[in-house]
Structure formats: structure tokens, C-alpha cells
Amino acid sequence: MSVDKQSSEDILNEKWDFCISNLLVKTGIGLSVGIVASALIFKRKSWPIALSTGFGIGVSYAECQKTFNPTAIPGVKIIKNSSSTSG
Amino acid sequence: MLRVMRPATQARSTCLLISPPRQRILQIRFASNETAAKPTSTTPTQKRKFKLGKFLFSITLLSGLAYGGAVYYSLKDDKFRDNFTENIYGAKQVVDYVEDLQRQGVFYDMKKKVWRIGSKYINLPELSEDNISSDKISEFTSKENPIIRKLSDTIRELDNFMVNHDLKHAGGKILSRARDELRNLSNNIDQLKADEQDLCQKKLEEQNEKYNQIIDKYENSMDQQIKDKEFALKQQFDQEKRELYEQHYTQLNAELSRQASEHDKELKNELVRQAVDMQRRWVRDVMIMVEKERNGRLAKLDYINKRLKTLERFCIDNTENLDASIKVHRLWCALKSLQNIVEQPHRTPFIEQIVAMRRYFSTDEVVSAVLSTIDDSVAINGIDSVSDLSKRFNTVREEVRRASLVPENGGVFSHLLSFVLSKILFRKHGLVDGNDVEAILARVQYYLNKNDLDTAARELNQLEGWPKKLANDWIISARNHLEVKQAIEVIETQATLSCLSIA
């Protein structure tokens with residue numbers, strides 16, 4: 001059993017589930033942190049909320065990208081030459 | 001013409017002074033003069049006819065004469081000769097040829113001939129005779145000595161040269177002196193030759209004598225030596241003959257004795273063999289007699305023994321056959337149960353059957369090899385039936401469609417895009433050609449509809465990238481199914497074979 005009683009056709013579905021859940025969670029966290037920060041530190045301005053939410057979405061996107069394509073490390077390119085460079 | 005006219009006019013003007021009858025006569029005369037002068041004035045105006053042949057001939061003649069004159073002059077004058085030969089074409093060869101002829105005295109001969117012929121008719125002065133005639137010199141040319149001949153040739157050339165250059169008087173005396181000396185020289189040489197020849201002849205005769213003597217001496221000694229050698233050889237020959245004779249005699253004796261001993265041995269062997277033979281016959285005869293007396297009881301016992309042995313063999317064979325047939329029956333039962341399980345509509349484990357079969361058929365190579373190819377995990381979980389697989393394929397197909405447009409290293413967005421755009425792709429059905437995802441899926445569906453799982457699995461294996469990853473499990477499952485089916489087939493054939501081989 002390679003993937004924990006999960007058949008191969010469900011791989012993508014699992015990944016999507018993980019992505020969407022991650023997105024919701026991270027966005028929520030970002031939003032809350034933004035609200036708190038804006039309330040406490042930034043004198044009730046609106047931009048920290050948006051910034052923090054943006055951070056949350058960005059982090060979730062990066063993690064999603066990582067699950068879909070684990071070899072796409074930023075700053076590294078794989079050259080198809082029967083020898084791969086990574087890290 | 002004008003001049004002619006002037007005196008006429010002058011005459012006419014003067015005759016006016018003379019009496020009229022004389023005037024008239026003078027006038028008539030001058031008038032006729034004038035008329036006589038007129039026709040000559042017309043001829044100069046006529047053109048002279050131009051004759052080409054005559055012109056060419058005269059030109060050739062003049063140039064030939066000029067050439068000949070130049071050649072003759074060049075023989076006499078050296079400076080002119082150099083100029084001439086350098087600048088005019090072909091002059092050098094002509095001058096050289098003429099000089100050769102002169103050296104050979106051709107001109108001198110011709111001159112003499114002409115002089116002789118001419119002196120018949122006219123009183124010509126005699127040709128100067130104080131040049132050395134070539135006859136006098138030619139007496140030396142007949143000599144064999146090549147050096148003297150060369151020398152005479154040179155002197156003659158010198159003579160000719162002097163004749164041609166008119167130096168006769170100056171060198172005449174010197175030349176005659178040379179001639180005398182040449183003659184002396186030749187005589188001297190002849191004398192020397194004769195002397196030498198005599199000397200040589202005498203020496204040769206002496207040598208001849210000496211050598212003849214030596215030869216005679218040697219001949220005698222050689223004869224003596226030959227005689228001695230002959231005698232020695234004859235002695236040797238006699239001795240060798242005697243030795244050979246003795247050797248041969250001893251060899252013969254040895255051979256004879258050896259052959260005699262061998263013959264003896266042979267006879268003894270023969271004797272022994274015959275004795276053994278007779279012994280055997282004797283024993284057999286005794287047995288027969290005893291047999292006869294005991295009413296052949298011995299033979300009967302033997303007979304019974306043999307029968308017993310055959311029965312034993314039969315018995316053993318029978319049991320073996322029974323064992324084998326039991327085995328085959330067992331194999332068939334197990335096989336049937338396995339087939340039953342495999343044909344179940346849903347997954348059922350068949351591990352027990354496999355274990356049982358392994359236990360029964362540990363001796364059979366083919367069956368045990370085949371059973372070892374089936375994975376334990378597969379046996380424990382069972383395999384999917386064809387209908388199950390077809391149903392599963394539907395979901396697989398949808399998933400594959402969704403991921404069909406993802407490139408090799410696609411990220412989130414490429415997956416998303418593929419998901420969205422695949423909804424608007426056309427769906428294919430039936431046996432279509434092509435290597436794209438849709439065509440492959442259509443072909444797999446077609447084969448599944450025909451229940452051809454093997455080809456369907458093969459086709460699906462041709463996917464690449466993400467679609468293949470998604471379809472991987474399905475392919476593995478189909479493969480297991482096919483493997484187990486194949487194993488069962490092999491075992492079936494093996495069972496049939498063993499069935500037949502018993503019977």
C-alpha cells in the first residue's frame with residue numbers, strides 16, 4: 001500500500017482538499033492577526049488588515065504550489081540532461 | 001617641251017627678220033618639229049605594266065648572290081664572319097658547312113679539276129705544287145697505329161688550313177720537316193714492335209718447356225697413389241661382407257627361438273580353454289540329471305519366484321498410479337476453487353487456496369514456479385473482477401480528464417487551468433487513432449466494453465505525466481488480475497497434462 005489505502009486516482013482530489021483548507025485557515029489567521037495588529041499597533045488603519053490577509057493567501061499559495069510540484073524550488077531549474085541539479 | 005617650244009618661238013620671231021620665202025620654209029620646219037615633239041609628250045602619262053613574276057625572280061636572284069658573296073667574304077674575314085653569323089638567320093649553319101667542305105679539301109679538288117679542264121683550252125698558270133699532297137700523308141693513314149693516324153690527319157688538316165688561308169710559303173718547310181719526323185717515328189715504332197715480338201716468343205718457349213716437365217712428374221706420382229687406394233678399398237670391402245654374414249646368422253637364430261616359445265604358449269591356452277568348457281558341460285549335465293530325478297522341482301521353484309517378482313512390480317505400479325491420480329484430483333479441486341473465487345463479482349481473498357496448492361505441489365516444478373509469481377498481498381486482498389474494474393475506470397477517466405492539460409512541472413495555476421479548460425474539451429468515443437489523452441481514454445473504454453482487459457491495460461499504460469500517475473493504481477490492479485488469470489491458465493494446462501500422462 002503506497003498511499004495509505006488511497007487509490008491513485010484520488011491523489012489530485014486530496015491535494016485540492018488540502019490546498020483549499022490551507023487557504024481558508026491561513027487567510028483566517030492572516031485576517032485575525034491583521035485586525036489585532038491594526039487595532040493595537042497601527043491606530044485603526046485599514047491597510048494592515050489587507051496586508052496580513054495578503055500574507056496569509058500568499059503563504060497558502062506557496063504551500064499549495066509545493067504539494068503540486070515538489071521539485072519547483074525557487075531559484076533552481078532542472079535541466080533535462082539525464083542529470084538533475086537541485087538544491 | 002616648253003624649251004622645245006621656246007627656240008621654236010624664238011626661231012619664229014627671228015625668222016620674221018629673214019626673207020619671206022625662207023621664212024615660210026623655216027616655219028614649216030619648226031612646225032613639223034613641234035608636231036614631232038607632241039606625240040612623245042603623251043607616252044610619259046601612260047602607266048607601265050607591272051610584272052610580278054619577273055619582279056620576284058629578280059629579287060630572289062639578287063638576294064642569293066648577296067648571300068653567297070657574304071658567305072665567301074666571311075670565310076676570309078673573321079670580324080665580318082661574326083657579324084654575319086650572329087645577325088642573319090641560317091648564316092651560321094651555311095658558313096659551318098662550307099668550312100667543313102673546305103677542310104675536306106672539296107674546293108681544292110674542284111679547283112684542280114677546273115684547272116685541268118681549263119688548261120686544255122687556255123694557257124693557265126700551273127697550280128702551286130709546293131703544298132704537301134695528300135697522297136704522301138695518306139701512306140701513314142694506312143698504318144694500324146691509331147695515334148699515328150690521328151697525327152697524320154691533324155697534319156693534313158693543318159695543311160688544308162694553310163692552303164685556304166694562303167699561308168703556304170711560310171709553313172711549307174716546317175710542314176715537310178713534320179712529315180719527315182712523322183715517317184721516322186712510324187719506322188721506329190715498327191722496329192720496336194718487331195723486337196718485342198721476338199723477345200716474347202723466346203720467353204714463351206722457355207715457359208712451355210718448364211711446365212711440361214712439371215706435368216710429367218705429377219702424373220707419375222698420381223698413378224702410384226691411385227693404385228694404393230684401390231688395394232685398401234678392396235680389403236675393407238671383404239671385411240664388411242664377413243661381418244654382415246655373421247650378424248644375419250645370429251639374428252635368424254634368435255627369431256626362430258622366439259617364435260617357437262610363442263607357439264608353445266598358444267597351445268597351452270587352447271588346452272586350458274577346452275578344459276573349462278568341458279567342465280561346464282559336465283556341470284550342466286549333472287543338473288539335468290538331478291532335475292529329471294526330482295520331477296523338475298527346482299525349475300518349479302524358480303518359476304514361482306519369478307511370478308512373485310512380477311506381481312510385486314505390478315502392485316507397486318498400481319499404487320504409484322493411484323497416488324498420482326489422487327494428486328491430480330487434488331490439483332483439479334484446488335484449481336476449481338481458485339477459479340471460482342477469481343470469478344467472484346467482488347474482491348475475495350484466495351490466500352488459503354494458494355497455500356494449499358503450494359503444499360500439495362511442492363514437487364511439481366512448473367506449478368511451484370507459477371505459484372511463486374503471485375504476490376502474497378494480492379492473494380490476501382483478492383483481485384478485482386472485470387466489472388469492478390470497468391466501474392472504477394469511470395472515475396479514473398474523469399480524474400484523468402481533469403488533469404489532462406497539466407504540463408510536466410505544473411504548479412497550482414496550471415492544475416487549476418487544466419481543471420477549468422478540460423470541461424470544454426470534446427469527448428471521443430470508439431476506436432480512434434491518436435496519442436492524445438482523449439483518444440487513449442476512448443480506446444480503453446472500447447476495449448473494456450469488449451471485455452478485453454489486457455489490451456485496455458496496455459493502452460492505458462501509454463499515458464504520460466500526471467494522467468499516468470492518477471491511473472497508476474487502476475493499471476496495477478488490472479495487471480494483478482491478468483497475472484492471476486494467467487497463472488491459473490498455466491496450472492490448468494499443467495493439470496491436464498499430468499492427467500493425460502497418467503492414463
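How many residue pairs are in polar contact between chain B and chain A? The count is 2 residue pairs, both at pLDDT 80 or more, where a polar contact is a pair of N or O atoms within 3.5 Å; within protein, one atom must be able to donate a hydrogen and the other to accept it, and residues adjacent in sequence count only if both atoms are side-chain atoms. The side of chain B that touches chain A draws at least two residues from each of α14 (386-402), α15 (412-421) and α18 (466-502). The most come from α18(B), which gives 7 residues. Helices (H or I, at least four residues) and strands (E, at least two) are DSSP runs, numbered from the N terminus.

This is a predicted model, in which local features need pLDDT of at least 70, side-chain atom pairs count only at pLDDT 80 or more, and totals for chains, interfaces and linings use all residues. Residues are numbered from 1 along each chain as its sequence is written, chains are lettered from A and ligands numbered from 1 in the order in which they are written, and side-chain values use heavy atoms, with hydrogens and water left out.

The interface can also be described by area and by contacts. The size of an interface is often given as the accessible area lost when the parts come together. Between chain B and chain A the buried area is about 1500 Å², with 58% from carbon and sulfur atoms; buried area is the accessible area (1.4 Å probe) that two parts lose on being put together, summed over both. In terms of contact (heavy atoms within 4.5 Å), 21 residues of chain B meet 17 residues of chain A.

Chain A has 2 helices and 0 strands. Of its 87 residues, 24% are buried, where buried means under 20% relative accessible area, exposed over 50%, and partly exposed in between (1.4 Å probe, protein chains only). An unreviewed UniProt entry lists residues 20-42 of chain A as "transmembrane region"; UniProt positions are given in the numbering used here, feature names are shortened, and annotations may be inferred rather than shown by experiment. That span is 91% helix and 0% strand, and its end C-alpha atoms lie 30 Å apart. R44(A) sits in the loop between α1 (11-40) and α2 (47-68) of chain A. Its phi is positive, about 60°, although R44(A) is not a glycine. Most residues other than glycine have a negative phi. R44(A) is exposed, at 72% relative accessible area.

Chain B contains 18 helices and 0 strands, and 22% of its 503 residues count as buried. Here the UniProt annotation "transmembrane region", again from an unreviewed entry, covers residues 55-75. Those residues of chain B are 100% helix and 0% strand, with end C-alpha atoms 31 Å apart.

E438(B) is buried, with a relative accessible area of 9%. Its side chain reaches the backbone nitrogen of K428(B) at 3.3 Å. Leaving aside neighbours within four places in sequence, E438(B) is in contact with R401(B), F426(B), R427(B) and K428(B). Two of these contact partners also form salt bridges. K428(B) pairs with D436(B) at 3.2 Å, N to O; K428(B) is partly exposed at 31%, as is D436(B) at 37%. R401(B) pairs with E398(B) at 3.6 Å, N to O. Because R401(B) and E398(B) are 3 residues apart in helix α14 of chain B, they are separated by about one helical turn. R401(B) is buried at 9% relative accessibility, whereas E398(B) is partly exposed at 30%.

Helix α14 of chain B also holds V386(B). Not counting residues up to four places away in sequence, V386(B) touches N451(B) and H481(B). N451(B) lies in the loop between α16 and α17 (453-460) of chain B, and its phi is positive, near 60°, in a residue other than glycine. N451(B) is exposed, with a relative accessible area of 56%.

Technical notes. Salt bridge = Lys/Arg side-chain N within 4 Å of Asp/Glu carboxyl O.
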